[in-house]
Amino acid sequence: MEQNLDFGIHQVVTFFEYNGQSFGLTTTHINTFLVMAVLTIFGLIVRYKLKNFKMIPDSKFQIIIEFLVDTINSFTISTMGEKNARFSSFYGPMFLFILLCNLTGLIGLRPPTADIATTFALSLTTFFMIQWYGLRARGTRYLKGFLEPMPFLLPLNIIGELANPISLSFRLFGNILGGTIIMGLYYAMMPWWAQLGLPSVLHSYFDVFAGALQTLIFVMLSMTFVSSAMED
Amino acid sequence: MTGYADFLFGWMANVDPVALVLAFSAIGAGLAMIAGIGPGIGQGFAAGKAAEAMGKNPKDGGKPATLVMLLGAAVAETSGIFSLVIAIIMLFANPLINKGGIAIVLAASAIGAGFAMIAGIGPGIGQGYAAGKAAEAVGKRPKLQSAIVRTMLLGQAVAQTTGIYALIIALLLLFVNLFA
């Protein structure tokens with residue numbers, strides 16, 4: 001039972017060892033690069049087909065691509081406001097990346113988002129974007145916001161600001177890891193006949209539903225944080 | 001009083017370490033499942049609000065309200081699922097058994113992991129309340145469904161935070177050698 005149980009991160013290639021810590025490529029790296037390769041190839045295909053696109057769409061491919069871009073644009077505008085529409089070119093790919101990462105559990109790979117390193121890197125991006133765009137849009141008034149409502153609350157405000165990326169990353173990480181653990185336990189515990197067909201129900205909840213929902217929540221919260229830092 | 005305590009701890013120090021860890025894991029698994037109170041109350045509230053919306057506006061508002069209730073209740077279930085994960089790990093794939101260290105500390109880690117998961121009561125009730133209110137609002141104004149659902153999901157995600165923290169601590173207690 002325990003030897004079948006497998007939901008941890010494995011080191012596939014080891015480069016070198018130092019002080020008992022080994023450095024190399026883990027399943028997270030490899031699956032992340034797989035997702036990146038899929039997205040890059042998709043992007044190259046769209047770029048190649050772009051010259052065949054017409055003013056009035058005549059191919060199904062163009063309709064699907066336009067629908068995708070329209071959805072991302074309207075989602076960004078409705079969450080961040082009309083004047084921040086340019087952020088859609090950042091958050092759209094981020095949405096697709098996290099969604100594909102969460103869905104890798106469907107083909108038996110370990111989701112890269114079930115590793116705190118991936119989700120914390122993503123949430124650090126949001127953290128620095130909050131500071132940068134807040135400073136650029138509001139200048140010293142942004143820094144003064146830390147002294148409100150009372151100046152002595154400054155440490156509390158700073159802790160609250162630092163807690164944002166931590167809670168953001170652990171939310172995505174915890175939900176995806178929970179699904180990964182449940183699926184690992186199911187495959188390790190059940191006899192072979194229960195592994196045919198039945199897991200699809202679990203996969204559709206933990207990978208598809210929870211994966212899509214947590215992607216939406218991560219991107220939406222990031223958008224809300226950044227746009228509220230820019231507002232007066 | 002101290003005589004009993006000395007007797008208890010003396011007994012715990014002498015008993016087979018694996019048996020001690022297994023016994024405390026059993027208690028921990030039971031404790032973790034107490035978190036089910038939260039999703040139960042919350043989803044019940046959401047179901048009640050959806051039924052109310054169905055009764056008030058059966059033609060236009062009933063179906064969207066049911067849909068929103070089901071979506072919100074599925075999110076409210078998250079803390080129950082986290083508790084189930086911790087309980088199943090402790091029952092079937094206990095990582096504490098093969099871990100070296102002082103048996104009493106490992107046993108206390110098992111109980112502590114179970115205790116931490118009780119925090120799931122809060123997110124469960126809160127998310128269910130949000131789902132109920134969203135179902136009520138959609139029942140009144142079905143046209144605003146997407147905006148209401150989005151606000152509900154955003155709030156529920158923030159309400160989940162403490163439950164996530166509890167899960168992290170429980171997993172740390174189970175899988176990482178903290179005190180060795």
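Hi everyone, let's start with the strands: in chain A, strand 1 (residues 11–18) and strand 2 (residues 21–26) run antiparallel to each other and are joined by six bridges. Please keep in mind that this is a predicted model.

Staying with that pair, strand 1 and strand 2 of chain A make a hairpin, with two residues between them. Look at Asn19(A) in the turn, where phi is positive, about 55°.

Now let's zoom out. What does the secondary structure of chain A come to? The count is seven helices and two strands, and along the sequence they come in the order β-β-α-α-α-α-α-α-α. Chain A has 232 residues, and 28% of them count as buried. Turning to contacts in chain A with a separation of 6 or more, 67% are between residues 24 or more positions apart.

Next, the annotation. An unreviewed UniProt entry lists "transmembrane region" for residues 30–50, 90–110, 116–135, 172–193 and 205–226 of chain A. I'd like to show you two of these in the model. Residues 30–50 of chain A are 95% helix and 0% strand, with end C-alpha atoms 30 Å apart. For residues 205–226 of chain A, the figures are 100% helix and 0% strand, and the end C-alpha atoms are again separated by 30 Å.

How far can we trust chain A? Its mean pLDDT is 88, and 97% of its residues reach 70 or more. Which element of chain A has the lowest mean pLDDT, and which the highest? The lowest is strand 1 of chain A, at 83, and the highest is helix 3 (residues 88–103) of chain A, at 94.

Last stop, chain B, and its helix 6 (residues 103–117). Its 15 residues, at 1.5 Å a residue, should span 21 Å, and the end C-alpha atoms are 22 Å apart, so the two agree. The buried residues of helix 6 of chain B include Ala103(B), Leu106(B), Ala107(B), Ala110(B), Ala113(B), Gly114(B) and Met117(B). A reminder on spacing: an α-helix has 3.6 residues a turn, so residues three or four places apart point the same way. And what do the buried residues of helix 6 of chain B pack against? Their partners in chain B are helix 2 (17–32), helix 5 (78–92) and helix 9 (161–175).

Methods: Residues are numbered from 1 along each chain as its sequence is written. Chains are lettered from A and ligands numbered from 1 in the order in which they are written. This is a predicted model: local features need pLDDT of at least 70, side-chain atom pairs count only at pLDDT 80 or more; totals for chains, interfaces and linings use all residues. Two strands pair if DSSP finds at least two bridges between them. Helices (H or I, at least four residues) and strands (E, at least two) are DSSP runs, numbered from the N terminus. A residue is buried if 20 or more other C-beta atoms lie within 10 Å of its own, exposed if 12 or fewer, and partly exposed in between; C-beta atoms are placed from the backbone. Two residues are in contact if their C-beta atoms, placed from the backbone, lie within 7 Å. UniProt positions are given in the numbering used here, feature names are shortened, and annotations may be inferred rather than shown by experiment. The expected span of a helix is 1.5 Å times one less than its number of residues. pLDDT is the predictor's confidence in each residue, from 0 to 100.
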